[in-house]
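This report describes one protein chain for a reader who is new to structural work. Please keep the sequence and the model in view while reading.

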Amino acid sequence: ASRHIIDLHSNDYIQKKYAQGGQIININEKGIARLRKEFTEYGLIFGTEKNIKMVGTLETGLGEGGYYISKEGYMIQFNQKLKWKPYKGTFNLRLKDDEVPKIEAMKAAEGILIEGFKEEGRTFGKAWIFKCTLQNEKRLIENCAIISPKRTHYKRVVEIISPVFLRKELNVKDGAEFNINVNLGDS
């Protein structure tokens, strides 16, 4: 306990005062903010939270999203499960390090399963989609979904699909910031 108190104090989460018979410890604003953040993350992990709000910065991806999304085996399922066919590419938003637990919490929730399939002698893996909205200071786009492939090399990036070419529709370039709101009740 003493080591934890020293660690919390050195990281400016608590204030401590020595008093007769021991210490008086108060949680400061930074500590309360950290506790609130952890409380929210636990709520997401254990399913008590139904919305996940994230902020991401637009960046150019590797171009692989368009290749995979355009496969007919995926397109048919997107149309059946979302009631729209996505533009053949993804809108990639990079999150800050402290928002990575939100991605993990989203992945732990029950999304919409997109089954894997075989085409031209090649296996394409399954993925999950999570309906979301995307908003910047000018517009709100409601027909969106985060796609989370079973295998991905991204840790801090969410890939968003939409029936429209979002870069053109929103007239944005890399570096633009967006709010993402995932409603786990819709997935």
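## Helix α4

Helix α4 covers residues 72-82, and its buried residues are Gly73, Tyr74, Met75, Gln77, Phe78 and Leu82. Here buried means under 20% relative accessible area, exposed means over 50%, and partly exposed lies in between, with a 1.4 Å probe and protein chains only. Helices (H or I, at least four residues) and strands (E, at least two) are DSSP runs, numbered from the N terminus. In general, an α-helix has 3.6 residues a turn, so residues three or four places apart point the same way. After α4 comes Lys83, with a positive phi near 70°.

## Basis of the model

The structure is a predicted model, in which local features need pLDDT of at least 70 and side-chain atom pairs count only at pLDDT 80 or more, while totals for chains, interfaces and linings use all residues. Residues are numbered from 1 along each chain as its sequence is written, and side-chain values use heavy atoms, leaving out hydrogens and water.

## The chain as a whole

Six helices and eleven strands form the secondary structure of the chain. The radius of gyration is 21 Å, well over the 16 Å that the globule rule gives for 187 residues, so the chain is more spread out than a compact globule. This radius is taken over C-alpha atoms, and the rule is 2.2 Å times the number of residues to the power 0.38. Along the principal axes, the C-alpha atoms fill a box of roughly 75 × 35 × 30 Å.

Of the 187 residues, 36% are buried. Contact means heavy atoms within 4.5 Å. Among contacts between residues at least 6 apart in sequence, 62% join residues at least 24 apart.

## Two nonpolar cores

A nonpolar core is a set of buried Ala, Val, Leu, Ile, Met, Phe, Trp, Tyr and Cys residues joined through side-chain atoms within 4.5 Å. The largest one has 24 residues, and those with the most contacts inside it are Phe91, Leu134, Ile180 and Val182. Elements that each supply at least two residues of this core include β3 (51-59), β4 (91-95), α5 (100-108) and β8 (127-135). A second, separate core has 15 residues, among them Phe124, Ile129, Ala145 and Ile161. In soluble globular proteins, nonpolar side chains tend to be buried together.

Leaving aside neighbours within four places in sequence, Phe91 is in contact with residues including Leu58, Leu134, Val158, Ile160 and Phe178.

Not counting residues up to four places away in sequence, Ile103 touches Met54, Leu95, Lys155, Arg156, Val157 and Val158. Arg3 and Ile103 are 100 residues apart in sequence, and their C-alpha atoms are 31 Å apart in space.

## Helix α1 and two loop residues

Helix α1 has nine residues, of which the number buried is zero, so α1 lies largely in the open. In the loop between α1 (2-10) and β1 (14-19) is Asp12. Although Asp12 is not glycine, its phi is positive, near 65°. Asp12 is partly exposed, with a relative accessible area of 44%.

Glu120 lies in the loop between β6 (117-119) and β7 (122-124). Glu120 is not a glycine either, yet it has a positive phi of about 50°. With a relative accessible area of 74%, Glu120 is exposed.
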